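Colleague: I'd like to learn how to read a model like this one. Could you walk me through it, feature by feature?

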Amino acid sequence: MILKKNIKPIRNGLGLLSKIEGVTFEWRDNRAEKGFQTGLIADEVEKVLPSAVVEHNDVKRIQEQELGGVYVAAINELHEMVKRLDARVKKLEKELAKKR
């Protein structure tokens with residue numbers, strides 16, 4: 001049974017992710033996680049992907065599962081770039097070999 005509808009590919013995943021900065025940080029309160037953590041800032045994510053951020057008791061949290069599709073789209077875009085660049089390099093190498 002298909003539970004999803006209005007399915008559309010994510011466009012410009014790399015562009016979306018480029019607007020979000022990965023950071024290291026320490027929590028201000030006494031959480032179990034001590035020392036430096038890695039992650040994202042909810043306010044930044046919210047500007048780019050509002051559906052990935054929820055707010056409860058005036059605290060914003062990132063729903064990491066909402067970012068998965070964007071990560072995959074960005075990786076696929078990078079893969080296509082690498083393939084194009086690889087083809088270009090091979091072409092240039094052939095041209096250079098002919099000139100030698």
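Colleague: Which are the buried residues of H3?

Modeller: Some ground rules before that. This is a predicted model, where local features need pLDDT of at least 70 and side-chain atom pairs count only at pLDDT 80 or more, while totals for chains, interfaces and linings use all residues. Residues are numbered from 1 along each chain as its sequence is written, and side-chain values use heavy atoms, with hydrogens and water left out. Buried means under 20% relative accessible area, exposed over 50%, and partly exposed in between (1.4 Å probe, protein chains only). In H3 the buried ones are Val70, Ala73 and Ala74. They pack against helix H1 (13–17), with contact meaning heavy atoms within 4.5 Å.

Colleague: And what counts as a helix or a strand?

Modeller: Both are DSSP runs numbered from the N terminus: helices are H or I with at least four residues, strands E with at least two. H3 (residues 68–99) has 32 residues, so it should span 46 Å; its end C-alpha atoms are 47 Å apart, which agrees.

Colleague: How many bridges join S3 and S4?

Modeller: Two strands pair if DSSP finds at least two bridges between them. Strand S3 (residues 53–56) and strand S4 (residues 59–62) have 4, in the antiparallel sense. Val53 is bridged to Ile62, and Glu55 to Lys60.

Colleague: What is going on with phi in that hairpin?

Modeller: The hairpin has 2 residues between its strands, and Asn57 there takes a positive phi near 55°. That is a positive value in a residue other than glycine. Asn57 is exposed, at 64% relative accessibility. Asn6 also has a positive phi, near 55°; this residue is in the segment before H1 and is exposed, with a relative accessible area of 65%.

Colleague: Which residues make up the largest nonpolar core?

Modeller: A nonpolar core is a set of buried Ala, Val, Leu, Ile, Met, Phe, Trp, Tyr and Cys residues joined through side-chain atoms within 4.5 Å. Here the largest has 11 residues: Leu16, Ile20, Ala42, Val45, Val48, Leu49, Ala52, Val53, Ile62, Leu67 and Val70. Helix H2 (residues 42–48) gives the most to this core, with 3 residues.

Colleague: What is Ile62 in contact with?

Modeller: Leaving aside neighbours within four places in sequence, Ile62 touches Leu40, Ile41, Ala42, Val45, Ala52, Val53 and Leu67. Val53 is also the bridge partner of Ile62.

Conventions:
Expected span 1.5 Å × (residues − 1).
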